[in-house]
Amino acid sequence: MKCSSQSEFPRIRRPLADLPQLPELEDPTRPRSVPDDAACFALWDKYEMLPNIRRHSLLVAHIAATLAARAALSGFDVNVSEVRAGGLLHDIAKTYCVRHGGSHAQVGAAWAVAETGNYAVAQGVMMHVWWPWDLPSGRGICALPFFVMYADKRVRHDACVSLEERYDDLLGRYGHSEAAREGICAAFRQGKNIESALSEQLGWTLNEDSFDCGRLVS
């Protein structure tokens, strides 16, 4: 079975669907400090991030920051360093949750707030798996959560792949029930919608780009 970009399943209820949107977190005038690479790497050490998750996070941060830089050059109000930090920290709780259970997105967001005080970065961590609301239209898609989400969906382990390859792999590894397959395919379709919207806004055929990732991970 492969996921289709067209809906094959009824609309399913996803976690966080009842959360109110928090537009103040996206306010570019809201003062906040941004953790640099050294600060993010220190948090990797503190939370004992596994080496394979570090390699994955480096690629996600690279792709997310590349998208953000393109958006900034196109006139969008984007903090590229903040987007990179979101990419570096998006899986900060993955190792802990693999060992002990729980949602790595939710635990990681709580840690990101506690460690950095940066709610925009924490929102990127919280929402990198699934965006529970309608996607913003037009220029609104060019924002930190969507750069990190899309970048994460393009990285399988430590390699940049297409969305189709990424989700075929997820189906093979985790699609052991109808509910699991529905969830994976819903995330694939959301990823395709984000890819299409970002491509339109940035004037960039994203599905054809490997973002020069090969040189980053040996």
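Me: What share of the contacts in the protein with a separation of 6 or more comes from residues 24 or more positions apart?
Reply: That share is 70%. Please keep in mind that this is a predicted model.

Me: Thanks! What makes up the secondary structure, and what pattern does the protein follow along the sequence?
Reply: There are nine helices and two strands. Read along the sequence, the pattern is α-α-α-α-α-α-α-β-β-α-α.

Me: Why is the link of C3 and C185 called a disulfide?
Reply: The cut-off for two cysteine sulfur atoms is 2.5 Å. In this model the S to S distance for C3 and C185 is 2.4 Å, so the pair falls within 2.5 Å and counts as a disulfide. By this rule the count for the protein comes to one.

Me: Where in the chain do C3 and C185 sit?
Reply: C3 lies in the segment before α1 (37–46), while C185 belongs to helix α9 (residues 178–202). They are 182 residues apart, and the pair links distant parts of the chain. The angle about the S-S bond is -85 degrees, and the link is left-handed.

Me: How do you know whether C3 and C185 are buried or exposed?
Reply: Buried means under 20% relative accessible area. C3 has 13% relative accessibility, so C3 counts as buried. C185 has 0%, so C185 counts as buried too.

Me: And what about C97 and C142: buried or exposed?
Reply: C97 has a relative accessible area of 10%, under the 20% cut-off, so C97 is buried. C142 has 8%, and therefore C142 is buried as well. Over the 218 residues of the protein, buried residues make up 47%.

Me: Which residues touch the most other members of the largest nonpolar core?
Reply: They are L67, C142, F147, Y150, L198 and F211, out of 42 residues in that core. Helices α2 (51–73), α7 (144–153), α8 (163–174) and α9 each supply at least two residues. Helix α9 gives the most, with eight residues.

Me: What does F211 touch, leaving out residues up to four places away in sequence?
Reply: F211 touches H62, I63, T66, L67, Y150, R154, C160, W204 and L206. There is also a second, separate core of 19 residues, which includes Y47, I53, L88 and A109.

Me: Why is R166 called buried?
Reply: R166 is found in helix α8. Its relative accessible area is 11%, which is under 20%, so R166 is buried.

Me: What makes R166 and V155 a polar contact?
Reply: A polar atom of the R166 side chain lies 2.8 Å from the backbone oxygen of V155, and the cut-off for such a pair is 3.5 Å. The 2.8 Å distance is within 3.5 Å, so the pair meets the distance cut-off. R166 also touches other residues, including H56, D152 and K153.

Me: Why is the aromatic pair of Y96 and W111 called edge-to-face?
Reply: Ring centres must lie within 6.5 Å, and planes over 60 degrees apart count as edge-to-face. For Y96 and W111 the values are 5.5 Å centre to centre and 70 degrees between the planes, so the pair is edge-to-face. Y96 sits in helix α4 (residues 94–100) and W111 in helix α5 (residues 104–116).

Me: Why is Y96 called partly exposed while W111 is called buried?
Reply: Y96 has 38%, so Y96 is partly exposed. W111 has 18%, which is under 20%, so W111 is buried. Together with Y47, Y96 and W111 form one aromatic cluster.

Definitions and conventions:
Residues numbered from 1 in each chain as written. Predicted model: local features only at pLDDT ≥ 70, side-chain atom pairs only at ≥ 80, totals over all residues. Heavy atoms only, no water. Helix = DSSP H or I, 4+ residues; strand = E, 2+ residues; numbered from the N terminus. Buried < 20%, exposed > 50% of the residue type's maximum accessible area, 1.4 Å probe, protein only. Contact = heavy atoms within 4.5 Å. Core = buried A, V, L, I, M, F, W, Y, C linked by side-chain atoms within 4.5 Å. Polar contact = N/O pair within 3.5 Å; in protein donor to acceptor, adjacent residues only side chain to side chain. Phe/Tyr/Trp six-rings, centres within 6.5 Å; stacked < 30°, edge-to-face > 60°.
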